Amino acid sequence: PSAAPARGQNWRASAQARPVNAALVANLLDVLGELDAPALRAAAVGKFAARPEVFNPVTVLVPALAVIRAWDAAVQQLWEHCAEFLLRRSEHPPSAPTDWRQDVKISGCACADCRELQAFSLDPVEQTHRFRVRQDRRQHLHQQIEHHDLGMTHVTDRKGSPQTLVCTKDRRAYQRRCEQYLKDIAALASLEEQAGKVPAGNQRELKRIAAVRALAAGWSPA
């Protein structure tokens, strides 16, 4: 009698561990379409749209739309969600930074070292800052930089005592944004290719996509 619940728990754990991908989304919507379950299909689309951190429009939803066999109102709604999400995020190319200010909020600690790190992050001119503090304080700063994913390197200058943590700002945030922008433009191109499946009511989105792609064609990262 206890074997069945155990098998059920193992199956649920396996399902939860399964990575979300485009094939999983497309297969689910195709099965619901074959079962003639439009309400369930619409509900599934609503869940996908509400969780972009899980159902990533670029890596999951747009590729799924490319292979879904039958389109209905629910799938058209998913197309609209992807288009609006990508247009909202990447309608304009990333602007190259003009100074070294990093708009970050260092939370969870109000010690003097963290306040100094916060001030350095917000400083538009200073690119390199030196923290000459004992090892436990350097380690604390190291943890805060990693935890908040600050755009700076940090190395220890071992001359003198105490030694010095040297923090130097970089452009990794801008570089990541440029990479994301290019992926968004590619995803928008895929949505545009699906124009034949999109009803006439979505011509406004298609025009916006065409304009964004034209703008992207003349853009290059700084």
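Residues are numbered from 1 along each chain as its sequence is written. In this predicted model, local features need pLDDT of at least 70 and side-chain atom pairs count only at pLDDT 80 or more, whereas totals for chains, interfaces and linings use all residues; side-chain values use heavy atoms, with hydrogens and water left out.

Helices (H or I, at least four residues) and strands (E, at least two) are taken as DSSP runs, numbered from the N terminus. Three strands form an open sheet in the order 1-3-2, with antiparallel pairing; two strands are held to pair if DSSP finds at least two bridges between them. Strand 1 and strand 2 stand at the edges with a single partner strand each, so one side of each lacks a neighbour in the sheet. On average, neighbouring strands of this sheet are turned by 20° against each other, direction ignored. Axes here are lines fitted to C-alpha atoms, for helices over the stretch in contact, and angles run from 0 to 180 degrees between N-to-C directions. Helix 6 (residues 112-122) packs on the sheet and touches strand 1, strand 2 and strand 3, contact meaning heavy atoms within 4.5 Å. The direction of helix 6 makes about 170° with that of strand 1.

Strand 1 (residues 128-132) is joined to strand 3 over five antiparallel bridges. In strand 3, Thr 168 is the bridge partner of Thr 128, and Cys 167 is that of His 129. Cys 167 is also the bridge partner of His 154. Between strand 2 (residues 152-157) and strand 3 there are six bridges, again in the antiparallel sense, and Thr 156 has Leu 165 of strand 3 as its bridge partner. The hairpin of strand 2 and strand 3 has six residues between the strands, and in it Gly 160 takes a positive phi near 80°.

Five of the six residues of strand 3 (residues 164-169) are buried, so this strand is largely enclosed by the rest of the structure. Buried denotes under 20% relative accessible area, exposed over 50%, and partly exposed in between (1.4 Å probe, protein chains only). In a regular strand the side chains alternate between the two faces of the sheet. In strand 1, His 129 and Phe 131 make up the covered face, and Thr 128, Arg 130 and Arg 132 the uncovered one.

Helix 8 (residues 172-193) and helix 9 (residues 203-217) pack at an angle of about 140°, their axes lying 10 Å apart. The two helices, helix 8 and helix 9, are therefore oblique to each other; angles under 35 degrees count as roughly parallel, over 145 as roughly antiparallel, 65 to 115 as roughly perpendicular and the rest as oblique. Residues in the contact include Tyr 181, Ile 185 and Glu 192 of helix 8 and Leu 206, Ile 209 and Arg 213 of helix 9.

Leu 61 belongs to helix 4 (residues 57-67) and, at 0% relative accessibility, counts as buried. Not counting residues up to four places away in sequence, Leu 61 touches Val 25, Phe 48, Phe 55, Asn 56, Leu 78, His 81 and Cys 82. The C-alpha atoms of Leu 61 and Phe 131 are separated by 45 Å, with the two residues 70 residues apart along the chain.
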